[in-house]
Amino acid sequence: MALDQSFVGRSYPPTDPYEVGREKIREFAEAVGDDNPVYTDPEAAKALGYADVIAPPTFVFSITFKAAGQVVQDPQLGLDYSRVVHGDQKFAYVRPVRAGDRLTVTSTIEAVKSMAGNDILDIRGEVHDETGEHVVTAWTKLVARAAEPAQTDGEA
Amino acid sequence: MTTKIAYDDVEVGAELPARSFPVNRAALVRYAGASGDFNPIHWNEKFAKEVGLPDVIAHGMFTMAEAIRVVTDWTGDPGALVDYGVRFTRPVVVPNDDRGAVIEVTGKVAAKLDDNTVRVDLTVTSGGQKVLGMSRAVVRLA
């Protein structure tokens with residue numbers, strides 16, 4: 001089922017703040033096997049000019065994707081989440097995420113398309129810190145694959 | 001921001017040090033916990049096969065996180081990254097054996113841009129197949 005084009009441009013309310021913790025950054029850096037000390041050692045971060053440890057570049061996706069849940073679970077939009085795969089991902093950074101940030105995300109539907117029965121949804125997440133400073137923008141393309149054709153060889 | 005690479009020293013076509021990143025089932029479970037993405041296609045073989053996948057596959061965002069290390073290790077400062085985007089073209093299949101899979105990443109300076117930035121194009125493969133497309137980063141150099 002094609003998604004409703006009138007959702008293009010719709011924005012959702014900013015999320016409650018997500019507080020970025022040093023240990024959460026450490027956990028993420030270890031999970032991707034990245035031992036750059038700027039992720040775990042505040043002194044190493046200061047040596048590069050940061051007030052505290054910074055997060056690996058893709059860390060913020062966990063926050064923006066959770067925020068995008070407002071969109072994908074919007075019953076009015078009617079996306080079949082069980083068929084969704086991640087198509088593209090892009091980030092534009094104003095500055096790195098760092099420990100102590102309290103981040104809010106505002107999600108906007110940038111595009112809604114249907115191609116060969118697939119529903120394609122582009123969501124932009126604008127991430128701001130507690131002072132209102134823009135930190136990063138994340139673009140996520142989700143593709144809901146076409147449903148299997150209905151069985152037509154039954155007795156009906 | 002303090003990168004160890006100077007813009008003036010970099011030429012278009014320069015290759016970044018290539019890297020190989022092994023990934024096994026334990027790494028995927030750990031990444032699921034750290035990222036909060038518990039989709040069973042990344043840890044449950046039975047579920048993955050039921051939805052038509054050949055086996056458990058790595059999180060696309062795990063592969064994206066590994067690929068950019070070629071750039072952040074090159075510059076030394078991950079905060080120098082300006083833009084980073086990828087297309088997920090093919091899954092990284094991770095068998096339940098001693099070896100798992102390997103993500104191979106190469107990078108090349110594709111263009112010198114304004115404000116001491118360069119565009120790096122990444123080539124990301126696993127098992128000889130390209131797994132990310134349009135994989136590009138813009139990074140600010142010293």
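1. Basis. The model is predicted: local features need pLDDT of at least 70 and side-chain atom pairs count only at pLDDT 80 or more, whereas totals for chains, interfaces and linings use all residues. Residues are numbered from 1 along each chain as its sequence is written, and chains are lettered from A and ligands numbered from 1 in the order in which they are written.

2. Chain B overall. Chain B has four helices and five strands; helices (H or I, at least four residues) and strands (E, at least two) are DSSP runs, numbered from the N terminus. The order from the N terminus is β-α-α-α-α-β-β-β-β. Along the principal axes, the C-alpha atoms of chain B fill a box of roughly 50 × 30 × 25 Å. Of the 142 residues in chain B, 42% are buried. A residue is buried if 20 or more other C-beta atoms lie within 10 Å of its own, exposed if 12 or fewer, and partly exposed in between, with C-beta atoms placed from the backbone. Among contacts in chain B between residues at least 6 apart in sequence, 67% join residues at least 24 apart; two residues are in contact if their C-beta atoms, placed from the backbone, lie within 7 Å.

3. Strand pairing in chain A. Strand β1(A), residues 18-19, runs antiparallel to β3(A) and is joined to it by two bridges, with A:Y18 opposite A:L103. Strands β3(A) and β4(A) are also antiparallel, with 11 bridges. Two strands pair if DSSP finds at least two bridges between them.

4. The β3-β4 loops. In chain A the hairpin of β3(A) and β4(A) has two residues between the strands, and A:M115 stands opposite A:N118. A:A116 lies in this loop and has a positive phi near 50 degrees. A:A116 is exposed, with 6 other C-beta atoms within 10 Å. In chain B, the loop between β3 (101-112) and β4 (117-126) holds B:D115, which has a positive phi of about 55 degrees. B:D115 is exposed, with 9 other C-beta atoms within 10 Å. Most residues other than glycine have a negative phi.

5. Helix α1 of chain A. The buried residues of α1(A), residues 22-31, are A:I25, A:F28, A:A29 and A:A31. Seen down the helix axis, they fall within an arc of 160 degrees, so they line one face of the helix; the arc is that of the directions from the helix axis to the C-beta atoms. These residues pack against α1 (25-35) of chain B. Just after the helix, A:G33 takes a positive phi of about 75 degrees.

6. Helix α3 of chain A. This helix has 12 residues (61-72) and reaches 15 Å from its first C-alpha to its last, close to the 16 Å expected; the expected span is 1.5 Å times one less than the number of residues. Its buried residues include A:F61, A:F65 and A:V71. The buried residues of α3(A) pack against β1, β2, β3, β4 and β5 of chain A together with α3 (60-67) of chain B.

7. Contact between the chains. On chain B, 28 residues are in contact with 27 residues of chain A. β2(B) gives the most to the side of chain B that touches chain A, with eight residues. By class, that side has 15 nonpolar, seven polar and six charged residues. Here Ala, Val, Leu, Ile, Met, Phe, Trp, Tyr, Cys and Pro count as nonpolar, Asp, Glu, Lys and Arg as charged, and the others, Gly among them, as polar. β2(A) and β2(B) pair in the antiparallel sense over five bridges, and A:Q89 has B:V86 as its bridge partner.
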